[in-house]
Amino acid sequence: MTDTNTPALQLQGIVKTFPGVRALDGVDFDVRPGEVHALLGENGAGKSTLMKVLAGMYQPNEGRILIGGQPVQISNPIEAKAQGVVLIHQELSLVPEMSAAENIYLGELPRKGMGRVNWKELYARSNAILERLKCRFRAEVTVANLSIANQQMVEIARALTVDARVVVFDEPTASLTDAEKVVLFDIINDLKSQGVGIVYISHRMDEIFTLSDRITVLRDGQYRGTLTTAETDEDAVTRLMIGRSLDLSRNEAAPDFGKTMLEVRNLSCAPLFEDVSFTVREGEVVGFYGLVGAGRTEIAETLFGLRTPDSGQVFIDGQEVTIASAQDAIGLGISLVPENRKEQGLVLQMNCRDNMTLPQVHNLRAGPFLSNGAELAIFDKYRDKLEIKTPSWKQTAGVLSGGNQQKIVIGKWLSMQPRVLIVDEPTRGIDVGSKSEIHQLLRDLASQGYAVIVISSEMPEVLRVSDRIVAMYHGRVMREFEIDDVTEDSLVQAISGIKASEPA
Ligand SMILES: Nc1ncnc2c1ncn2[C@@H]1O[C@H](COP(=O)(O)OP(=O)(O)OP(=O)(O)O)[C@@H](O)[C@H]1O
Ligand SMILES: [Mg+2]
C-alpha cells in the first residue's frame, strides 16, 4: 500500500514571470498518490503555467520541485516523463501530418536493429492503448483526419504510454462528448486506484465535485488555499476563486420582443440536419440545446455561409436571402463566434488587437493606411467590456490563457455590431466569473435589439441566457420551449429523442 499522505510530488514557492506578467507568485501545490487534486482559478490565474513548470516546459524563476520528498531538477518534458510526470495539454500539441501512433510515441518510437522504427510494434502498442480508451479509430490514421475530440483522445493516449506517478489533465473535457467523458472519468479512476496522483484542471464545477478529493485555488498567480472537496461547496470555492458569489438564477421571460429578425424555414442539409424551422426576434436570445453532434453547429455554419443547404429558406428582416459565403453573411449582419477558437477564431501568431479587428480591416482604413487609433479604440473597448487579461494589445494571442483567447474571439465578432449574433459554445473553457459576465453580455446585447442565438451543451447555461430554447436531436428540432415553461426533465427528454408525452 502506498502511504497516501506523503505527497508524490510537491511544488514549493514557485515564481514564474513573463515579460510584463507575474504568472506565478510563490505558489505551493502538492499531489498525493491515488488522489485527484483539482486546480481551479479564473482564466489567466496561472494554472497551465504551473503545470508547465511541473512538466519541465518552463523553468521557474524561484521555487523548487520535490518528488518523493527529494528535490529534483526538471529541465524538459522528457526528463519530466522519466520522473513519471505527464501533462495532457489544454491546447492540442499533436503533429497533424503524422499518424496517431507516431504522435502517441513521439520521441520514443520503438526501434529494432539499425535504429529502424518497429512499425508493427508501434501500431500494436498504440492500438492497445486506443482500445483501452474505447476509441473507434485506428492508430494508423493521420491525426489531421481526426475530429478534435479524437485528437484529444490521442493526446490522452500519450500519457498512458509511461508508468506515470502524476498525470495532469488540463481541461481535458472541453471538446469531448458525454460518452467520451465517461470513458475519460473511468480512465482517471483507474489511474487513481493504481496509486497515480492526478491533477485535474477544469472550469466545470460539476466535474470538479464529481472527481476530486482536494481543490486548490489560484488567483492572479497567487495561492489562495486548498480545500477538501467533501467538506466544501461550489459557493465557497467560487468565493475563493473570484472573491464573490455568483447569481445562478434562471433567465426570466422578457416582457416583449421586436420584429422577427431571422426566420429559417424547412432548412435541410442531409444528413447533418433536416427540416429545421425557427425564428429569432429582435431582443431575443434563442438557446439551441442538444448533445454534441445534434447538428447545431452545422446549422450555424449554414447560416454563416460556410455550408450550402439542400433546401429551405432563410429570411432576414422579412427578406428572403441567399447566403453563399461568410462575406454574404457578414454583409447581412450575421456574426458567428465559432466553437473551436484555435481552428477558426484566432490567428495565434498575430497580436490581440489585430485579431480583434481582423474582419473590419476594410472599414478602418484611413486613406492607404490603417487607422491605428480606430483599431485601438475597438480593442480597448472590448478588452474592458470582456475584462480580457493581457499586458498589452501587442501581446501575441497564442500566449494568452485559453479563456482570454476565447474572449478575444467574442470581442472580434461583437465589434462588428451584428444584427444576428450566433455564438457556439461561448463559454467553453471560460472561468465561472467571466462566464456569468459573458451571459450578462449576451442578455445585454439582446436588450439592445440584437437577435442572439446561443448554442450550448450546458443546461445551466441555456437556462440562464435563453428566452426560448430549441431542443435538437439527431439533426431535427424535437421541441421548442418558452423559458417559463421549460423543466430540466422535459429538456433532457427532448434532446434524448423522447417525444413529449403530454402537451406542455
Ligand atoms: N509563454 C507566455 N508568454 C507570456 N505570457 C504568458 C505565457 N504563458 C502564459 N502567460 C501569461 O501568464 C498568465 C497565466 O496564464 P495561464 O495560461 O497559466 O492561465 P490559466 O490559469 O491556465 O488560464 P485558463 O483558465 O484561461 O487556461 C496569463 O496572464 C498569460 O497571459
Ligand atoms: Mg490554462
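Which residue is the bridge partner of H37 in β9? The partner is R214. The sections below place this pair in its sheet and then turn to other parts of the model.

## Basis of the values

This is a predicted model: local features need pLDDT of at least 70 and side-chain atom pairs count only at pLDDT 80 or more, while totals for chains, interfaces and linings use all residues. Residues are numbered from 1 along each chain as its sequence is written, chains are lettered from A and ligands numbered from 1 in the order in which they are written, and side-chain values use heavy atoms, with hydrogens and water left out.

## The six-stranded sheet

An open sheet with mixed pairing is built from six strands, ordered β6-β7-β8-β3-β9-β10. Strands here are DSSP runs of E with at least two residues, helices are runs of H or I with at least four, and both are numbered from the N terminus. Two strands count as paired if DSSP finds at least two bridges between them. The edges are taken by β6 (85-88) and β10 (222-228); each has a single partner strand, so one side of each lacks a neighbour in the sheet. From one strand to the next, the twist averages 20 degrees.

Strand β3 (residues 36-40) runs parallel to β9 (residues 214-219), with four bridges between them; the H37 and R214 pair belongs here. β3 also pairs with β8 in the parallel sense, again over four bridges, and V36 has I198 of β8 as its bridge partner. β7 and β8 are parallel too, over five bridges, with D170 partnered by I201 in β8.

Five of the five residues of β8 (residues 197-201) are buried, so the strand is largely enclosed by the rest of the structure. Buried means under 20% relative accessible area, exposed over 50%, and partly exposed in between, using a 1.4 Å probe and protein chains only. G197, V199 and I201 point one way from β8, and I198 and Y200 point the other way.

Helix α1 (residues 47-54) has seven of its eight residues buried, so it is likewise largely enclosed by the rest of the structure. The buried residues are K47, S48, T49, L50, M51, V53 and L54. Just after α1, G56 has a positive phi of about 80 degrees.

## Largest cavity

The structure holds one cavity of 30 Å³ or more, and about 50 Å³ of space lies in the largest cavity. A cavity is a set of points on a 1 Å grid over the protein atoms alone where a 1.4 Å probe fits but cannot get out, and lining residues have an atom within 4 Å of a point. Grid points are joined across faces, edges and corners, and the volume is the space filled by probe spheres set on the points.

The lining consists of F278, F288, R296, I299, A300, L303, I422, I453 and I455. By class, eight lining residues are nonpolar, none is polar and one is charged. Ala, Val, Leu, Ile, Met, Phe, Trp, Tyr, Cys and Pro count as nonpolar, Asp, Glu, Lys and Arg as charged, and the others, Gly among them, as polar.

## V21

V21 is found in strand β2 (residues 21-31) and counts as partly exposed, at 28% relative accessibility. Its C-alpha atom is separated by 6.8 Å from that of P391, 370 residues apart along the chain. Leaving aside neighbours within four places in sequence, V21 is in contact (heavy atoms within 4.5 Å) with K16 and P391.

Notes: Axes are lines fitted to C-alpha atoms, for helices over the stretch in contact, and angles run from 0 to 180 degrees between N-to-C directions. On a 1 Å grid over the protein atoms alone, a cavity is a set of points where a 1.4 Å probe fits but cannot get out, and a pocket is an open set with protein on both sides within 12 Å along at least five of seven lines; lining residues have an atom within 4 Å of a point.
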